Amino acid sequence: MASANTAIRDEPAHIRELLTRLHAESKAQEANITREDYDNRSSMHDVMRDKFIALDEDKAHYIYQLLRATGATTIVEAGTSFGVSTIYLALAALANAKATNGKKALVVATEHEPTKAERAREHWNMCGDDVVSAIDLRVGDLRETLKMNLKEVDFLLLDIWTPMALPTLKIVQPHLRHGAMIIADNTIMAADSYKEFLDYIRAPGSGFIDTTVPFEGGLEVMVYSPSQ
Ligand SMILES: C[S@@+](CC[C@H](N)C(=O)[O-])C[C@H]1O[C@@H](n2cnc3c(N)ncnc32)[C@H](O)[C@@H]1O
């Protein structure tokens with residue numbers, strides 16, 4: 001989808017330009033990734049080590065808009081890579097925090113691969129101190145790094161290899177506030193590998209209300225609203 005930096009048009013120009021450039025780099029890389037690269041679990045990590053696989057630009061804008069609508073200030077991101085989506089999360093959390101009395105913006109970002117984490121930090125430094133100060137990057141396997149120091153979470157972005165989506169949700173679920181939003185990427189394209197995850201959130205009484213939004217590949221938008 002063509003973008004005129006719609007949802008983020010009031011954010012600083014140098015950040016919008018950076019995001020446009022990074023999305024273009026990510027798309028150029030993705031054109032050379034094959035279905036087998038995604039499906040071959042043994043070689044996948046090597047292939048993906050230097051790849052963005054950034055969230056699509058239109059989805060990122062939509063998520064920024066949802067974040068601004070819900071006033072989220074505490075956000076968890078599962079799968080940070082080179083930190084593109086994290087920038088949108090940080091910008092929205094900062095704008096939301098500014099509109100409240102005393103809330104602090106916090107994006108807990110997670111990346112397994114140290115070289116990717118390093119690149120993410122470089123991109124955030126280009127954005128400036130506000131963005132840098134809003135992000136708590138946890139390097140390592142998120143099944144360990146998310147176990148500690150989680151406050152009440154307003155928003156969870158699942159942009160991670162699909163087998164990791166359900167374990168991540170289960171770790172974060174006890175910290176989700178009532179009405180928290182959860183987003184999972186590519187739930188139409190990768191419906192088979194998301195099966196366990198989708199069965200879990202769609203089970204009667206799960207507490208999750210979900211809609212599949214028909215972006216390319218699908219985007220699952222969930223609200224956590226448990227009855228007790
Ligand atoms: C699709 S990419 C994330 C893209 C990013 N959200 C963006 O829009 O720029 C998924 C990332 O999750 C990371 N990842 C996979 N398994 C992980 C785990 N167990 N713990 C932490 N990070 C993991 C991968 O290294 C990869 O960089």
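**A walk through the pockets**

The largest pocket holds about 1,200 Å³ of space. Here a pocket is an open set of points on a 1 Å grid over the protein atoms alone, where a 1.4 Å probe fits, with protein on both sides within 12 Å along at least five of seven lines; lining residues have an atom within 4 Å of a point. Keep in mind that this is a predicted model, in which local features need pLDDT of at least 70, side-chain atom pairs count only at pLDDT 80 or more, and totals for chains, interfaces and linings use all residues. Residues are numbered from 1 along each chain as its sequence is written, and side-chain values use heavy atoms, with hydrogens and water left out.

Now look inside. The ligand takes up the space of the largest pocket, and 20 residues surround the ligand, the closest being Leu55, Gly79, Ser85, Glu111 and Asp159. A side-chain N or O atom of Asp159 is 2.7 Å from a ligand nitrogen, a backbone N or O atom of Leu142 lies 2.9 Å from a ligand nitrogen, and a polar backbone atom of His112 is 3.1 Å from a ligand nitrogen.

Methods. Near = heavy atom within 4 Å. Polar contact = N/O pair within 3.5 Å; in protein donor to acceptor, adjacent residues only side chain to side chain. Sits in = over half its atoms within 2 Å of the grid points. Points joined across faces, edges and corners; volume = space filled by probe spheres on them.
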